[in-house]
Each structure stands twice: as structure tokens, then as C-alpha cells.
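Me: I would like to learn how to read a protein model. Can we go through it feature by feature?

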Amino acid sequence: MTPPPHPTSSHRPRASAPRRLLRRLVIVVLAGLLLAIGTFGARWYLARRSLGWQVRRGLQVLERADTPLKVRAALDHWETETRPSWEARTDELITLLYWHYPLEDQRVRLLLSRVAGADYGNRREDWKRWFDARRQLQRGLSPRVAQGEAVALRPRWVAPVGLTAWFTTILPLDGQIYIASLGTGFNDSADTADGIVRVDGASGAAELFFMPPPEHRGPRDVIGIVAGDNVLFAACYNGSVYCVDARGHVLWHAHAGDPIVAPPLAADTNQDGVTDVVVVTRAAKVLALSGRQGKTTWVASVARPATDQSLLGATLSLGNVVGQAGPELLVTLPPGQCHALALRTGRSLWSHELATGTVSGAFGATYRNASGPPAYIGDRAGNVWSLVGVAQTPALPNTGRTVEPVRWYALATRRDETLVAGLRMLARTRVPPGEGAASPLVLACLTREYAGNWGAVCALAADGPRWRWPVGGAIWATPAVADLNADRQSEIVVASIETLGDDQAVGVVSIVSAAGHCLRRMTVDAPIECSPVVADVDSDGRLEILVADQSGRLHCFATDGFGPVEWGLYGGDSHNTRNAVNAYDYGQRAYGYQWQWRP
């Protein structure tokens, strides 16, 4: 008899056939289940990566966003969640939104604006024109425009003028162009190229017209210049103020006590018939200097700045804010302080502080006309504030009204957008049917970091934003506004900074219609920070466009337009009043009579 196998033996009895079949069936089922789960997961993953799913997700998160804050929060959430999937396919996403979703749906327009930076409300024809122009520009072609809208830009000359910045003054006066130059570098005491450069408007011949004396120590960068009574007032970063005659000779010199941080303003502050000059310093003091001898007529302290604050970016302007008999001096500082001072005495009439700060400053929208907000201010969070007059209060006796800042529009669609360039007024002679009267628009430029690609020009009407045109770069310059093609409608000249594929920064000049459409673009091979200028600089009866780039050159382009010029200079006019009425008045002053203009 054979004994049974030992328990430790490797021999095992074979499983029965039914058990083997069951095991195989379980394996097949599990494999099929895993395959199904994998297929579903892959399809779910691919669906999430599809542009259609991302659009539907955006529409879903915007469904309950019924306030501006909720809308931005919803867009931020959507972009954080989906951007890694569509960032490399942005053009496809824009095309999908434009062609396959109804633009009548506000949520679709919000998504399109977030991705593309454009906004034309529910006006499909404007959207179509923007989309077609965008494709033309991507192909390296000019936008298709009607013959009457075309703007001619013909290079005339290029002149060396030294370094310029976003606050630099370019001042054309009767055939000569005066430029406040920062020399070869800003804030360099050893820079011998600081001064005022004069360029002949017809030939482009340039010369150093005035250089601050070397015995006046410190950086002699010319922050700004303004016209007086056949003289120029030059304000330097080292605190010096000069009155210079037509030959470049100094008639008088004064020192403000601290570095000057804003272009000066010229006005007859004491009503003696002589144009005076007003400056603001790093110590947050505003000084009025007599145009006769440069003596200080009054000083106003408007803030107590921190030790490390430069205050570069302060602004001065004229307006009628609190209802005085004459214009008041509006002062803004980068930390956000806003003041209205009596022009004759420097007495404080009104003050307020914007929590987010401002570098675009205030501009006077109404000077002699009391209707409408008297001024507007842009802050660093992408908001535009209107200064609205309210009933007289005991705090301001003997005045017609006091002022309350009201946030007019929140333009930023992203947290890191800031309102950098100054505000402008744009009159309209034609409006779409059904819109009502041709009320003026306020222009505001949004931007991000220096070489960002989210700059945009926004036009604001009384009943809401009219349009938003994306630049594709950063805007540090303030636009100019004038009729450049004789169609009786003003165009907007925008200077921006864009980067090429190799990270090279270039300057771009764009001509935008009053309806928010690109008519022409021209590139120069260095960035443009300085605001463009529109004026007749050579007595040919036609307007020229001047732009200064960061390589130290001033470019002159001829156009076929002859005006009117609504806002031709950085400060609006030759006295830098930043006032819409003065800007228009000075813009109509014919060649040969510009020196005699006064606000």
C-alpha cells in the first residue's frame, strides 16, 4: 500500500475545471472593469482638457455672479482651474467663443474679454471688426479699414533728444519743439546731457538748448517744462526751477528745497498779469513761484510722506471742483492723497485719500461749465473715480459745493491690472442709432508690468463702458486725441511697449478710432514710455505725430489730418493744466500763435 504524500511535499492536487473557469471569468471581468474605468477616466480627462468643456465650465461658474466683485471672483476661479489647459491654445479658445457661442449672452462676452482683453458689449458688428483686425495683425498685415478712415503715417525725421520717461514734456511752440531731457540716465549727478533739447520742426535738427549750471548740485534731470510769457519754466529733479528766455539764457533761478517730483504747471496765480509757475516736491510741498523774479508767493503742505517715498508721479492740474469763482489747483500724490487748493493762496479747499494710490492723477473735465463731474481720477486698482459735487456743508463755507469721490467704473478684470496712464476726454460727433446724444467719452488705459501683454484702452460713456481695445503690450504713455484723417471724428494715438519672441522690447504706435477699432500700427525698435504728441510742427497746415523712444530718439510722422486737436500734449496744453477745456483751446491755436496762448 502506497503511503499518502508528506504535507511538506510540493505536490498539490490540481483545481477542478469549474474552479479554473471561474477564476478566468473573474480575471476577465476585472480586466474589463479596469479597462472601462480607464477609458472613462481618459475620456473625462480629455473632456476637461477640451476647449468646449472649459467654456461650459466658465458659463457655469458665472451663472450666479450678479455683482462686479462676484464676476471677477468667478472669472479668477475659472481661469485658475482651466488656464493650464487652454493657455497654449488661446487663439483657438477665442475663435471658439466668437464663432460658436452667442455674444448676446453676457457670460460669453465676459469669458471672451477675460481671454482676449476686448469688449464691445452686445454689438456684434464691432466684435466682428475686432476679430477680423486681430487676424490681420497676427498675419503681419494692416487692418482692413474704409477709405475715409485710413490714417497716413509717413516718417519725416528722427532727432536725438536723450532719455525720456512717462512724465516727460514734449512741447511744440511755433515751429520749435522743446523736450525735457533726462540726459543719458535718470538720477545721475554726473550726467552732463541733462537739459532742454530744442528740435526744429521742419528739419529735425537738434541742439541742447539749455543745460542747468553744473554748480547747482545733484541730479539735474529736467522733470518737466511749461511755457510762460515768452519764456520757459524748467523744473529739475535736484529742486531747481529756472526761467529761460528764447535764447536759452537764465532770467532767474529758484530752489524749491527738495527734489521736484512732477512736471510744473504755469498759471497767473496772483492775478497780476504775469504767468507764474507751480511745482510739487518730494517733501509733499506745493510751491507757487512768481513769474517775475521766482520768489515764493505761497507754500502748501499736502502730506507727510514716509522717508522711503519718492512721490515721483505726482500731478498738478487746473479744475473747478468746489465751486470757487476761478480755477482751483488739483494735486495728487502716488500714495493716494488728492487735494484742491486755492490757486491764489494755496489754501486747502478739499482733500481726500484713495486707499489704492494713483499715478495717473486728476484731470479737469469742466472748467467754466458747471455741468457734469468737474474732474476724474484713476487709481492703481483699475478704478476711475469721478468727483461729484454735493450740497454745501458747514465744513466748506462760502463755496457753491463740496466734493465727494465716487467710484465711477471698476475696469480691471485681473487683480494685477493697474491704471497707469492719465485720463483723457474724447468728444464724439457720431454715435450708433438709438444711443442718444453724442456725449463725450472718458479714455482710460489699463496695464500690468512693464513688459506685460494685457494693456488696453477703455472708453467710458455716461451709461457704462463703451468699448475696450486690447493693445497686446504695456501702456505707460498717455494717449493723444485728434482728427488725423479729416473725417470729422477724432482718433486716438496710443504708444505701447511690446516684447518680441527673443524678449526684445519694442515700441508700438497704434491709431484707434473713436469706435475702438485699430486703424494703423507702426513699430519702432525701442520701447516708448513717453506720451505721444500731436501738433502742426512745421507750418504745413497738417498734423504731425511725435513719439520719443527709450533709445533717446524723437520720431516725427506726417499725417493728412488738420484737426481739431482735442488733447495733443501730455499735460493737455503748453501750461500743463491737464484740463479738457484748455487742451482743446490750445489745440486749435494756429502755428505762429502758440507762444501767446494762456489758460
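Reply: Start with S539, which sits in the loop between β31 (533-535) and β32 (544-548). Strands (E, at least two residues) and helices (H or I, at least four) are DSSP runs, numbered from the N terminus. This is a predicted model, in which local features need pLDDT of at least 70, side-chain atom pairs count only at pLDDT 80 or more, and totals for chains, interfaces and linings use all residues. Residues are numbered from 1 along each chain as its sequence is written, and side-chain values use heavy atoms, with hydrogens and water left out.

Me: What is phi of S539 near, and is S539 buried or partly exposed?
Reply: Phi of S539 is near 65 degrees, a positive value in a residue other than glycine. Buried means under 20% relative accessible area, exposed over 50%, and partly exposed in between (1.4 Å probe, protein chains only). With 43% relative accessibility, S539 is partly exposed.

Me: Which residue in the loop between β13 (296-301) and β14 (315-319) can I look at next?
Reply: Take L311, which lies in that loop. L311 is not a glycine, yet has a positive phi of about 65 degrees. Its relative accessible area is 4%, so L311 is buried.

Me: Where is the cis peptide bond?
Reply: The bond from G563 to P564 is cis, with omega near 10 degrees. P564 belongs to the loop between β33 (553-558) and β34 (565-567).

Me: What does the side chain of H339 reach?
Reply: A polar contact is a pair of N or O atoms within 3.5 Å; within protein, one must be able to donate a hydrogen and the other to accept it, and residues adjacent in sequence count only if both atoms are side-chain atoms. Here the side chain of H339 reaches the backbone oxygen of V302 at 2.7 Å. H339 is part of strand β16 (residues 337-342) and is buried, at 12% relative accessibility.

Me: Which residues is H339 in contact with, apart from its neighbours within four places in sequence?
Reply: Contact means heavy atoms within 4.5 Å. The partners of H339 beyond those neighbours are V302, L329, L330, V331, W350 and S351.

Me: What pLDDT does the chain average?
Reply: pLDDT is the predictor's confidence in each residue, from 0 to 100. The chain averages 87, and 88% of the residues score at least 70. Over residues 42-48 the pLDDT is below 50, and this stretch has five contacts in the model beyond near neighbours in sequence. Where pLDDT is low, the predicted coordinates should not be read in detail.
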